[in-house]
Amino acid sequence: MRVLKFLVLLAIFSLPGVAAAEITVQVTRGLGDAQPIAIVPFGFEGQGRPAVDVAAVVAADLERSGRFKPFPVSDMLEKPVRAADVKYQNWRVLGVDYVVVGNIQVQDGGYVIQFQLLDVYRGQQLMGYSVPIRGEYLRRGAHQVADLVYEELTGVPGAFSTRIAFVLATGKGEDTRYQLVVADADGENQRTILRSARPLMSPTWSPDGRRLAYVSFENQVAEVFVQELASGQRQKVSSREGVNGAPSFSPDGRKLAMTLSSEAGNLDIWVKDLESGELTRVTRHPAIDTEAVWAPDGRTLFFTSDRGGAPQIYRIDWQAGNDRPERVTFEGNYNARPTLSPDGKLLGVLHQSNRGFNIGVLDLARRTFNVLTEGRQDESPSFAPNGAMIIYATSEGNRGVLAATSVDGRVQQRLAVQEGDVREPSWSPAQEAGR
Amino acid sequence: MSRIKVLGVLASLLLAAGCASTDTQEVPEDSRETVGTETGREAGGVGQPERMSIDERLQDPADPLSQRVVYFEFDRSDIPREELATLDAHARFLVENPNVRIRLEGHADERGSREYNIGLGDRRAQAVRRILLFQGVSADQITTVSYGEERPAVQGQGPEVWAKNRRVEIIYLR
């Protein structure tokens, strides 16, 4: 009986490999002083042409960051594929600061991308790499090239070869259907990992990028699941009486913080050990305590609570065994849905301002607070693994779309899906093993 | 002390329950089935109103049981006075029919954080549950679920839409 049930669930809910709606990414605000860079079309040592224009993908990644202005290929005076063939004066006259040249070789079971980053004014190579790629997915290699170039020139690791997960809702009213979608950070390579006729919520990545935790109402109650991306196998990790929500993996991936009903009508933060199943109650307050996220130390949890009368962010040592959290946010009457930068220094929040609901960021050490976005219904902020951008959901007309902002608010992008209502983006961690 | 106060309010509203105004609501999928079996007409029951099936009562706009949505103010979970009559009618019905079960679905409007709104929806569903329990409905008859802002009754934005979405729906189960 149990086996049968499981099989039926699998049939209904996990249809990996099915493409969802297409995403296009546009920079809506970039830097006025974006740096001119030329990504010369890469050479190819193989039969025919490669499936992916690697240079074009690198250029698109860098352009999307808002910090670079790729030079048009059609205006290039030369198209060398190795540094030795570059004539720097050809780039100086075009006002290009940096040039990337590269070459792709076919090797058994994959490719090798060799590339070099050149400083035009000094006339010298800044960096040269050989990136081996197993399998067919050349696009992934292109994102790795963009990551390396971005890091060399900005000092911050790139986040182009990471992924995002989000909830896509299509249809109206009773006919609304929900999908949990995983895509590359540029919106390509989309995969629906779960479909349901009932709401899906709060997807969040495990630190190794192999699993997603989320909330599903498929059984007419809120339950928390953990699903392995590679196999599609999933496990129900919480279905207690009442609310089961807001999952968040600990930095070691072994524990899950969640929001559970301690008793009817009292939501608290709990931590579940995923191996032993042991449950620890963290907060003990009749207020709504929810949306816990872990600090990198693995001890501190940041969470939303309205114990002060309105939702604000608090922090607590999850093992302290008392309910004496420290209040963290004091700006305005509504701060919720915390997200931490990977170094634990910046706290992104959903903040209510005069304009509406926006994304704000608090520097925890300096105590400076900035509102980064200008929509009316912005929500669900999630930090990029390089700490430089925050992805969030916003509304355009009457539907949800995704957007991203740099942590200083100077660069903004919009990720538009062709159809449906897009919600709750979650940016994957940097180191991904399970692709 | 506060309990006595509530009792007083409930008692006065009990009288008004019969003539409370009712908005017509779409019957939710789950309650379209006839739920109970208490359609028995008493032979020659002249002078006594016929006992209607639950289904008929739920669909009769003149019956207070046809009103199965309770609305709330922004960021509030206390039940507005004008909603108490509706709950009172349901409480009496559930007490008289202890084998009838309901599910209370708590909802929030779209503003703010989704998981926090799950908390608000839960708080609203629990507020309705407490009133029903207080009036003698058995805990076994009631389950609750919060959908937060995930299942709006009305699509769109603006104060009127939001007001219609901050609600608890009373769903009669088979």
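## Terms and basis

Two strands are said to pair if DSSP finds at least two bridges between them, and the strands themselves (E, at least two residues), like the helices (H or I, at least four), are DSSP runs numbered from the N terminus. This is a predicted model, in which local features need pLDDT of at least 70, side-chain atom pairs count only at pLDDT 80 or more, and totals for chains, interfaces and linings use all residues. Residues are numbered from 1 along each chain as its sequence is written, chains are lettered from A and ligands numbered from 1 in the order in which they are written, and side-chain values use heavy atoms, with hydrogens and water left out.

## An open antiparallel sheet

In chain A, 4 strands form an open sheet in the order S10-S9-S8-S31, with antiparallel pairing. Its edges are S10 (191-196) and S31 (421-427) of chain A, each of which pairs on one side only. Strand S8 (residues 163-170) of chain A is joined to S31(A) over 5 bridges in the antiparallel sense, and Ile164(A) stands opposite Trp427(A) in S31(A).

## The largest nonpolar core

A nonpolar core is a set of buried (under 20% relative accessible area, 1.4 Å probe, protein chains only) Ala, Val, Leu, Ile, Met, Phe, Trp, Tyr and Cys residues joined through side-chain atoms within 4.5 Å. The largest has 30 residues, and Leu62(A) and Val149(A) are among those touching the most other members. H4(A) supplies the largest share of this core, 7 residues.

Not counting residues up to four places away in sequence, the contacts (heavy atoms within 4.5 Å) of Leu62(A) include Ile37(A), Arg67(A) and Phe160(A).

Note on methods
Buried < 20%, exposed > 50% of the residue type's maximum accessible area, 1.4 Å probe, protein only.
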